[in-house]
Amino acid sequence: MRKSAVLCLLSLLLILQCGLARGAQDLDTVTLDGGIYRYRAESDAWYLEEIVPGVESLTIHGMVEGKRAGWSIWRNTDITAVDPLASVKELVLAADCTEMESYIVRELLHLESFRVAEGHTRYRTIDGLLFEGGDLVAFPPAKAKGDTYALPAETRSIRAYAMTGSGVRHLIVPEGVTVMERWCMVQMPALERLDLPTSLISIPAPFLQDCPALEEISFPAQHALYEAVDGVMYQTFPQALVLYPSGKKDETYAVRPGTVELMEGAITATQYLKILVMPEGLTELRDTVLQACDTIEQLVLPTTLASILPYTSYALPNLQSYALSGESAYYQVVDGVLYSKDGLTLIAYPAQKAGDSYAIPPGTLRMIPEAFLGNGTIKTLSIPDSCGGAERLPMSQLTALERLE
């Protein structure tokens, strides 16, 4: 009898404990305007972690029950997985949401418009786009998908990451825009043409990246600072290449004569380009100019080039040969490999040079540490005694190497 009573009491205590735990869990979860927020004691804040299934208009809050609220729901990058945010077509900023983080928009691939609560003190919307004054803060990724779109005439600047993920095919930036911030246009897979206004006075490099379909950049009229030549964007003085469109379909491109500088990220993620010819007058090729240029097979260097930074080769994983446009005072090319003019230093070996064996010429004294960066073809390498032996060889770069001679 006593044993039975004890068991009964333990059962009651277990039921009570489970009920209290469930009640505490319920207290830590709030469903509000289509979003499910959970409280995190470690940060003393609420976080939006789920949405109500099927909700199309989601309101985000900056405060929940008197405490700060944030965003913590992420789209699964696995394309076979269900997107938890696929149903959201409209994002509404509550009056207490006074900070819109750009990374939120990157998660909302199906978003078509923004809306702000009446009387919002910071943001406003124009044609479903989110603005702060005349600054474009965020563009809904699914708006005008595959179409031509002209940004509103009220636009005065485009903030960093404002256009992230947009599916627009042809974007027209209106007169009156004076500033485009760094990285203001990234991950725009459908963008083919970009029209820029003459009012622009500040375009930091790079302002655009990961737009693989882009074929043409244009200005509708004469610009004091910039120009487009055959769809490629240049700064006029001093003459500099600002941006080569990744999707431009030419297999050979010669940078415009008279160009003395290439901006950071000027040639990035090329889709068709195989032969790139650098202009006479260029004296330095920085390693931030070329980025992820997987299609380039030959790089032609000018005779005026006095400095090429070693990590340039890293951006050209399928390069087969270097070449010079004429007699250089600084470099020589031997069978597609770049050496110093005196032949004493091996500067750069193309990552995909034909053949699986290579003999460094006798008389070569040294090789720079990054000489074989990205190489995956050499199986047999012959090193002359003059070069100091295998101990000076950057072995980690020669991933396919099987034998040294």
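Q: In which sense do strand 14 and strand 17 pair, and over how many bridges?
A: Strands are DSSP runs of E, at least two residues long, numbered from the N terminus. Two strands pair if DSSP finds at least two bridges between them. Here strand 14 (residues 170–172) and strand 17 (residues 193–195) pair in the parallel sense over 3 bridges. His170 stands opposite Arg193 in strand 17.

Q: What should I know about the model and its numbering?
A: This is a predicted model: local features need pLDDT of at least 70, side-chain atom pairs count only at pLDDT 80 or more, and totals for chains, interfaces and linings use all residues. Residues are numbered from 1 along each chain as its sequence is written, and side-chain values use heavy atoms, leaving out hydrogens and water.

Q: In what order do the strands of the open sheet run?
A: The order is 12-14-17-19, with 4 strands and parallel pairing. Strand 12 (148–150) and strand 19 are the edge strands, each pairing on one side only.

Q: Is Ser218 buried or exposed?
A: Buried means under 20% relative accessible area, exposed over 50%, partly exposed in between (1.4 Å probe, protein chains only). Ser218 counts as buried because its relative accessibility is 10%. Ser218 lies in strand 19 (residues 216–218).

Q: Which residues does Ser218 contact, leaving aside neighbours within four places in sequence?
A: Contact means heavy atoms within 4.5 Å. Ser218 is in contact with Arg193, Leu194, Asp195, Leu196 and Ala228.

Q: What is the mean pLDDT of the protein?
A: pLDDT is the predictor's confidence in each residue, from 0 to 100. The mean is 90, and 90% of residues reach 70 or more. Over residues 12–16, pLDDT stays under 50, and the model has 0 contacts beyond four places in sequence for them.
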